[in-house]
Amino acid sequence: MNIGKQFKEGLITQNPVLVQMLGMCSTMAITTTLFNGIGMGLSVLAILTCSNIVIAALRKIIPQKIRIAAFIVVIAGFVTMVDLLIQAFVPALVNSLGVFIPLIVVNCIILGRAEAFASKNTVLASAVDGIMQGFGYTVVLIIICVIREFLGSGTFGGGILNGGLGIRIIPEGYPALLLVLPFGGFLTLGCLIALVQHFMSRSASKEKKNEEVAE
Amino acid sequence: MSFTGILSIALGAILVENFILVKFLGICPFLGVSKKMDTALGMGFAVIFVMGLASIFCWVVNEWLLVPFNLEYMQTVVYILVIAALVQFVEMFLQKAVPSLYQALGIYLPLITTNCAVLGVALLNTQYGYNFLESVVYGITGGIGFTIAIVLFASVRERLEFADCPKAFEGFPIALVTAGLIALAFMGFSGLKVW
């Protein structure tokens, strides 16, 4: 087991969103304030880690043919637990995330890691994998949230700082509201993936820097 | 339920609150299966079918099984099981009854289980408190909205293959930006109402 390598894979080289292109729905739908991003990221991190541990522990018992159904039941159990915990302790998150909390069940990242990693590795390695992949997902969510919130509503830390209003950076009336609308989700993620592809191809072939692409 | 109520649900699900472009449900198949027109159309029809059936079965299970026993907190688990069983059943039925369609859909059929739009429509039906007829209409028209979006996107994407774009944007990123532009066009429908 190599924690450093798994950390690098989760965060950069095998990042669930930017490289593996998994879990797109939630990534684009809820990333409008920092609060949403952190809440969603941590929920997925917790569920991914728990389901990875349980699936790795049961990997020799679960029959090959019905493994996907078994994985989904395990995941759905943890999602229900997290859903109830959020309803009890962070009710504000229920209002802003809405149907996307129960929909973590069908988040491809969790099923993808269960199938690709947890069903083949030990409990400890799977737990570390869950934490690292969940961390990579959370970091990407936070980056997208900060960009969209800054450009779209002109604030930082909405839902958490300054009594939930966030710290205003751009005066009212100037921010491009478009970026908190669905269009902004597609555009921001597209540009972010393009940026990653750009740096990956550059580090691979040492191409000349292209300023326009980064924009 | 009046006719106009049903009509406004249908119009909402297809245009105003399109499942993909406004609600962000079912993005994975939307991006994954939209490279060719034929497969996009096949996927769209399969999703309409499964979303309609899922609305029916999840409504029945929720109303007759979960609510009488106060088990509403089990909704997520039960719905995903119902959907997984449903997709498996549809797959077996198509394999025996309509082999040609089964061949055409191929791998996309089992993947419908993990389509957020299907579980989403079941959860939203419960959340909005729709009755049986409204649930079925919402499920089927939601599927139609999905099909319209994926077919539109596939037709644009077929041309995108030959477009000249910055190297870093090739493939996935340019597809996302294009989807964003289609979402922008669909925003024009917001405010559309049936009186």
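My entries below cover one residue in chain A and some ring pairs in chain B.

**Ground rules.** I am working with a predicted model, where local features need pLDDT of at least 70, side-chain atom pairs count only at pLDDT 80 or more, and totals for chains, interfaces and linings use all residues. Residues are numbered from 1 along each chain as its sequence is written, chains are lettered from A and ligands numbered from 1 in the order in which they are written, and side-chain values use heavy atoms, without hydrogens and water.

**Entry 1: A:L124.** I found A:L124 in helix 7 (residues 123-152) of chain A; helices are DSSP runs of H or I with at least four residues, numbered from the N terminus. Is A:L124 buried or exposed? A:L124 counts as exposed because its relative accessibility is 58%. The cut-offs are under 20% relative accessible area for buried, over 50% for exposed and in between for partly exposed (1.4 Å probe, protein chains only).

**Entry 2: rings.** Rings of Phe, Tyr and Trp (its six-membered ring) pair if their centres lie within 6.5 Å; planes under 30 degrees apart are stacked, over 60 edge-to-face, the rest tilted. B:F19 and B:Y138 make a tilted pair, 5.7 Å centre to centre with 50° between the planes.

**Entry 3: the partners.** B:F19 is buried at 0% relative accessibility, and B:Y138 is buried at 5%. B:Y138 also pairs edge-to-face with B:Y128, at 6.0 Å and 65°. Ring pairs join B:F19, B:Y128, B:Y130 and B:Y138 into a cluster.

Conventions. Helix = DSSP H or I, 4+ residues; strand = E, 2+ residues; numbered from the N terminus.
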